[in-house]
Amino acid sequence: MKIISFLDQLTTPANLTIKDGIAYWQEKVLLNLFLVITGLGLIAYIPSVALSIREKLWIIAVIDTFLYIFIVFLFFKPNIIFTKGT
C-alpha cells in the first residue's frame with residue numbers, strides 16, 4: 001500500500017485540486033502517462049543502449065539516453081505546469 005500511495009502522490013498535480021475540474025484530471029492523466037512511460041521506457045532503454053554500444057552506434061545511445069533523461073525530468077519536476085496560461 002505504501003508504493004501505491006507514493007505513486008499516487010507522484011501523479012497528483014501539486015498546483016491543482018479536484019475542484020479545478022477538467023484541468024486537474026488532464027494533468028493527472030498526463031502525469032500517469034509519464035509514470036508508465038518512465039517505467040516501460042526503462043525496460044526498452046537498457047537493451048537498446050546495450051545493443052547500440054555493442055554495434056558502435058554511439059549517436060543512437062546518446063539520443064536514447066538524452067530522451068530518457070528528458071522524460072524522467074518531466075515526470076519528477078513537480079512545478080511544471082502543463083496547461084496553457086491565460
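Modeller: Start with burial: a residue is buried under 20% relative accessible area, exposed over 50%, and partly exposed in between (1.4 Å probe, protein chains only). What we have here is a predicted model, where local features need pLDDT of at least 70, side-chain atom pairs count only at pLDDT 80 or more, and totals for chains, interfaces and linings use all residues. Residues are numbered from 1 along each chain as its sequence is written, and side-chain values use heavy atoms, with hydrogens and water left out.

Biologist: OK, how much of the protein is buried, then?

Modeller: Buried residues account for 17% of its 86 residues. Its accessible surface (Shrake-Rupley, 1.4 Å probe, with only the protein chains shown as cover for residues) is about 6700 Å², and carbon and sulfur atoms own 75% of that.

Biologist: Are K28 and D8 buried or partly exposed?

Modeller: One of each! K28 has 10% relative accessibility, so K28 counts as buried, while D8, at 41%, counts as partly exposed.

Biologist: What else is K28 in contact with?

Modeller: Contact means heavy atoms within 4.5 Å. Leaving out neighbours within four places in sequence, K28 contacts T11, T12 and P13 as well as D8. For the whole protein, take contacts between residues at least 6 apart in sequence: 45% of them join residues at least 24 apart.

Biologist: How many aromatic pairs are there?

Modeller: Rings of Phe, Tyr and Trp (its six-membered ring) pair if their centres lie within 6.5 Å; planes under 30 degrees apart are stacked, over 60 edge-to-face, the rest tilted. The structure has three such pairs. One of them is Y45 with Y68, stacked because the centres are 5.2 Å apart and the planes at 20 degrees. Y45 is in helix α2 (residues 22-54) and Y68 in helix α3, so this pair ties together parts 23 residues apart in sequence. Another is F75 with F76: centres 4.8 Å apart, planes at 75 degrees, so edge-to-face. F75 is buried at 4% relative accessible area, whereas F76 is partly exposed at 47%.

Biologist: Which residues form the nonpolar surface patch?

Modeller: Patch members have over 30% relative accessible area and no salt bridge; like charges are joined within 9 Å, nonpolar side chains (Val, Leu, Ile, Met, Phe, Trp, Tyr) within 5 Å. Here they are L57, I59, I60, I63, F66, L67, F70 and F73, with about 780 Å² of accessible area together. F73, for one, lies in helix α3 (residues 58-76) and is partly exposed at 45% relative accessibility.

Notes:
A salt bridge is a side-chain nitrogen of Lys or Arg within 4 Å of a carboxyl oxygen of Asp or Glu. Helices (H or I, at least four residues) and strands (E, at least two) are DSSP runs, numbered from the N terminus.
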